[in-house]
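Please read them alongside the sequence and the coordinates.

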Amino acid sequence: MNTLDSRISEALRAQADQLTERELTPMSPPLGPEPRTGWSMPILAAAAVVLLATGGTVAVRAATGSGHKPSAPPAGPVGSGPAPTSAPPSTEPLPSTVAPTPAGSGVASPTGTARPTPTPTGLPAGYLALWPLDETGQNRGGLPAGTDAAGTALAFTRQYLGFTEIDTVTSSRFDEQGAHIGVGYRDPAGQLRTAAVLHLLQDGPAGGSRWEVVGSGDTTLTLEQPSYGSAVSSPMTVGGRITGVDENIRVTVRSLTRGVVGSAPGLPAGGQSTPWHTGVSFTGTGVLTIVAVTGGHLQAVERFAIQGVRA
Amino acid sequence: MTAGDRKVATGQPHAPTELRSADLAVEQLYREHRLQMVRLAYLLLGDRESAEDVAQDAFAALHRHWHRLRSTDAAIGYLRTATINGARSLLRRRRTARRYPQPDESSLSVESAEASSMLSAEHREVLAAIRRLPDRQREVLLLRYWSELGEAEIARTLGISIGAVKSNASRGRTTLATMLGQDR
């Protein structure tokens with residue numbers, strides 16, 4: 001019989017060893033600046049302009065397929081859009097899982113570095129313009145030109161989706177696939193929580209171009225069915241996977257021109273990467289955004305995922 | 001642009017060399033100790049996502065307060081304390097949240113329930129007993145048996161006296177021995 005001490009040690013070690021480096025979500029060290037004094041805020045704002053310029057340059061380089069990759073993601077918010085009141089650490093959730101294929105194919109492609117040929121909408125083929133531009137290039141979202149990726153992501157979340165509790169950019173990463181902006185909130189204890197990582201692309205050449213939301217990178221709440229860019233008809237089955245306890249998934253379908261065109265009642269769910277699915281009826285045609293939301297523990301919207309489809 | 005340059009550009013009220021040093025030091029600590037801190041939080045919380053969040057917040061706090069540290073060596077202790085405090089705070093919120101189960105229930109988190117199937121029956125029994133201990137006793141035993149810290153270091157980490165460490169460790173062991181039906 002082992003001693004009590006060895007039983008405790010071995011049990012704790014066995015549980016801890018279940019977590020390995022490979023299983024951890026890739027993140028960067030949280031080196032983001034924090035507001036400290038009153039005079040630091042104007043300087044932070046000025047720095048944001050600098051970062052906007054440098055970040056934009058990086059993004060444009062990435063968009064042109066030059067192969068340049070920023071050596072480190074910008075820390076905190078990248079621009080002067082509806083900026084959060086504090087600069088968060090530059091956490092990096094998993095890369096986007098959007099990885100779209102040409103619309104209608106219904107098959108997700110692996111993440112690659114080559115970017116498809118641009119379409120008349122200004123986005124590379126295969127990507128759906130979800131917000132603020134519609135598929136014809138009209139600025140339906142009313143977002144001012146020049147708004148940076150972080151500002152666009154927050155505006156999409158708060159203005160278009162109406163998730164006003166989400167008020168902070170939690171991470172920003174730029175790569176060959178575009179911008180991956182984490183949006184979230186601080187919980188009552190002041191801890192930063194990421195609600196979603198939005199995937200954005202710059203829809204045209206540098207200067208005068210704008211960032212367009214094209215999807216989300218999902219981790220603990222995923223929206224996998226229907227697949228990105230697939231053709232759908234009403235009613236459709238919407239589903240994915242979720243990790244969490246006592247969750248309640250709500251699904252809505254949005255049209256950029258008509259607002260909410262479909263919704264499903266709350267779906268109780270939970271578990272570890274547990275599949276979920278529900279049926280949704282909707283009206284309307286064109287590009288639609290499916291939105292899956294869960295929350296209710298700390299606030300109404302704690303996590304969400306989006307998927308672009310075509311009806 | 002290096003991480004140090006980036007901090008200078010944001011106008012933080014520190015000397016550039018100090019900032020660069022802080023960035024580099026925290027980056028290195030992050031590479032070397034992130035898994036350890038996530039595991040520490042995981043042992044307290046039972047689910048990976050929350051553990052990662054707590055550890056990330058601990059490193060963020062370390063970076064914010066870097067200039068207040070007496071020495072680089074103190075950083076590990078700071079991280080450990082911040083991780084435990086973050087986990088304790090999260091557990092407290094879970095208890096008060098209507099929909100969360102109490103942490104002394106075996107289903108503290110779904111992930112832990114699933115992950116426990118990978119453990120032996122012996123380990124599951126011991127871990128279930130540890131989860132039923134009061135927070136302070138559990139923290140003391142975890143730092144003693146998993147982090148392998150001495151009493152003085154445990155006291156510093158938890159902000160309690162060495163006497164409190166001894167009493168909590170003793171009570172925790174006694175309770176575990178009773179629950180596990182083993183002689184102390």
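1. The place of Pro226(A) is in the loop that links strand 4 of chain A with strand 5 (236-255) of chain A, where helices (H or I, at least four residues) and strands (E, at least two) are DSSP runs numbered from the N terminus. The peptide bond leading from Gln225(A) into Pro226(A) is cis, and its omega is near 0°. A cis bond is also found from Trp131(A) to Pro132(A), with omega near 5°, and Pro132(A) belongs to the loop between helix 2 (40-63) and helix 3 of chain A.

2. Before going further, please keep in mind that this is a predicted model, in which local features need pLDDT of at least 70 and side-chain atom pairs count only at pLDDT 80 or more, while totals for chains, interfaces and linings use all residues. Residues are numbered from 1 along each chain as its sequence is written, chains are lettered from A and ligands numbered from 1 in the order in which they are written, and side-chain values use heavy atoms, with hydrogens and water left out.

3. Chain A holds three helices and eight strands, and along the sequence these follow the pattern α-α-α-β-β-β-β-β-β-β-β. Of its 311 residues, 57% count as buried, a term that means under 20% relative accessible area, with exposed meaning over 50% and partly exposed in between (1.4 Å probe, protein chains only). Among the contacts in chain A with a separation of 6 or more, 61% come from residues 24 or more positions apart, contact meaning heavy atoms within 4.5 Å.

4. One open sheet of chain A has four strands in the order 1-2-3-4, with antiparallel pairing; two strands are taken to pair if DSSP finds at least two bridges between them. Strand 1 (168-175) and strand 4 of chain A stand at the edges with a single partner strand each, so one side of each is left without a neighbour in the sheet. Neighbouring strands of this sheet are turned by 30° against each other on average, direction ignored. Helix 3 (residues 149-160) of chain A packs on the sheet and touches strand 1, strand 2, strand 3 and strand 4 of chain A, its direction making about 55° with that of strand 2 of chain A. Axes here are lines fitted to C-alpha atoms, for helices over the stretch in contact, and angles run from 0 to 180 degrees between N-to-C directions.

5. Within that sheet, strand 2 (residues 178-186) and strand 3 of chain A pair in the antiparallel sense over eight bridges, and Tyr185(A) stands opposite Arg193(A) in strand 3 of chain A. Strand 3 (residues 192-202) of chain A is joined to strand 4 of chain A by six bridges, again antiparallel, and Val197(A) has Gly217(A) in strand 4 of chain A as its bridge partner. Seven of the seven residues of strand 4 (residues 211-217) of chain A are buried, so this strand is largely enclosed by the rest of the structure.

6. Another open sheet in chain A is formed by four strands in the order 6-5-7-8, with antiparallel pairing. Its edge strands are strand 6 (259-280) and strand 8 (303-310) of chain A, each of which pairs on one side only. Neighbouring strands of this sheet are turned by 20° against each other on average, direction ignored. Strand 5 and strand 6 of chain A run antiparallel and are joined by 16 bridges, with Ala269(A) in strand 6 of chain A as the bridge partner of Glu247(A).

7. In chain B, how far apart are the axes of helix 7 and helix 9? The axes of helix 7 (residues 135-145) of chain B and helix 9 of chain B lie 8 Å apart, and the two helices pack at an angle of about 95°. That makes helix 7 of chain B roughly perpendicular to helix 9 of chain B, since angles under 35 degrees count as roughly parallel, over 145 as roughly antiparallel, 65 to 115 as roughly perpendicular and the rest as oblique. Residues making the contact include Val140(B) and Leu141(B) of helix 7 of chain B and Ala169(B) and Leu176(B) of helix 9 of chain B.

8. Glu148(B) is placed in the loop between helix 7 and helix 8 (151-158) of chain B. Its phi is near 60°, a positive value in a residue other than glycine, and at 59% relative accessibility Glu148(B) counts as exposed.
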